[in-house]
Amino acid sequence: MSTATQLRASLVDRLTEDGTLTDPGWHSAARAVPHELFTPSYFLPVAGNVPNSYRPVREGEPGWLEGVYSDETLITQLDGRTRPDDVTEGTVAGSPSSSSTLPSLVLRMWHQLGAEAGHRVLEIGTGTGYSTALGAHRLGGTNLTSVEYDPVVGTAAAAALKAAGFAPRLIIGDGLRGDPDGGPYDRLIATCSVRHVPLPWLHQVKPGGRILATLSGWSYAHALVLLDVTGPGEATGRFLPGYTSFMIARPHDRPPRPALALLPGEERPSLIDPAKLEDWTGGWVAQLAAPSAERLGAGAEQILWDVSTGSQARTAPSPDGGWTVVQRGPVRLWDRVEQAIQHWQAAGEPHQEEFGITVSATGQRVWLGTEDGPGWNLPI
Ligand SMILES: C[S@@+](CC[C@H](N)C(=O)[O-])C[C@H]1O[C@@H](n2cnc3c(N)ncnc32)[C@H](O)[C@@H]1O
């Protein structure tokens, strides 16, 4: 047995023991797909560096194959352009724009999607092609279509899939448009995140079909949701347990902003502890309430900045043990966040799995508890 086969078998054993791999079809896909063909080089973060910097690891270098089978996300592109092979020496700073997602998450999502033999599936975010290969092994290449935005990434994935012996349908284009010519689909899975559920997806997946996607936004909060499509353009869903995040779909990314300049405004006491925004679900609730804002700052000193309107909110601890907030601009960002966090606190600060979403012709509303509970409309 080659070293790669041994390392793969032991990763699959670990994922079986921890309950990730329960379905025999996904188990044999995980045993069969040679991950190393999809990650001939990748970046590893250099510990402790701010801003983040990375060093390339290439096929054949010490630790390369162990990294491939480490159940970690392997970054394969920075800033929409730099690939590991572009860095000939030293390290490079940048922001991840493509990766091979950690195998346990990819496999968990394939299980959650409930895709079965015979289903036609649309994947958004081919990346390295690793998750596509798993899907093609389980479902057959003719039933799987995958869309990748970045032509360089998509071309490399196509070559790796071919080398591994898989032939799914591959599209290079904007996955937010889905696959206008290929529907209807039974399932759609996204491995990049979105600010709202793109309307084309809701028309290309059949009623009775499912969409599994991560919702994110400009304040770096994420939530994985499984939607049942109930009619053309309509769906309902619940958010899932755990802590799943994906890089945002490129056209949904935040607008560029100038260097931070804190401006004067109206000051008042804050009714909530600003550090609640650092909680996984608390930060997401804040993002739902102020989706046009980017969150900066930390702890008691949070900063929300909506560059399109110039609205800002910033908090600080006050001498009495509480907190103050200074707000300016037409959108009172903290008023919105404060009210949303108070609803969440009144419900006992539950995890995202206590939330759901209703998508209809009139909008996309995330709610807490039940459909008639407190809710927030997603920006469309
Ligand atoms: C986390 S990676 C995908 C991981 C991949 N499934 C794997 O297993 O290797 C996210 C990918 O989504 C792609 N992406 C971003 N925006 C997109 C869009 N609008 N349409 C399609 N792909 C997109 C990125 O270029 C990136 O390759």
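Is Asp-85 buried or exposed? Asp-85 comes out as exposed, because its relative accessibility is 52% (buried is under 20% relative accessible area, exposed over 50%, partly exposed in between, with a 1.4 Å probe and protein chains only). This is a predicted model, where local features need pLDDT of at least 70, side-chain atom pairs count only at pLDDT 80 or more, and totals for chains, interfaces and linings use all residues. Residues are numbered from 1 along each chain as its sequence is written, and side-chain values use heavy atoms, with hydrogens and water left out.

Asp-85 pairs up with Arg-58 in a salt bridge, 3.4 Å from N to O (a side-chain nitrogen of Lys or Arg within 4 Å of a carboxyl oxygen of Asp or Glu). The two partners sit 27 residues apart, Arg-58 in strand β2 (residues 53-58) and Asp-85 in the loop between β3 (74-78) and β4 (92-93); strands (E, at least two residues) and helices (H or I, at least four) are DSSP runs numbered from the N terminus. Arg-58 counts as partly exposed, at 22% relative accessibility.

Altogether there are 15 salt bridges. Another one joins Lys-206 to Asp-186 at 3.0 Å, N to O. Lys-206 belongs to strand β10 (residues 205-215) and Asp-186 to strand β9 (residues 185-190), so this pair ties together parts 20 residues apart in sequence. Here Asp-186 is buried, at 13% relative accessible area, while Lys-206 is partly exposed at 33%.
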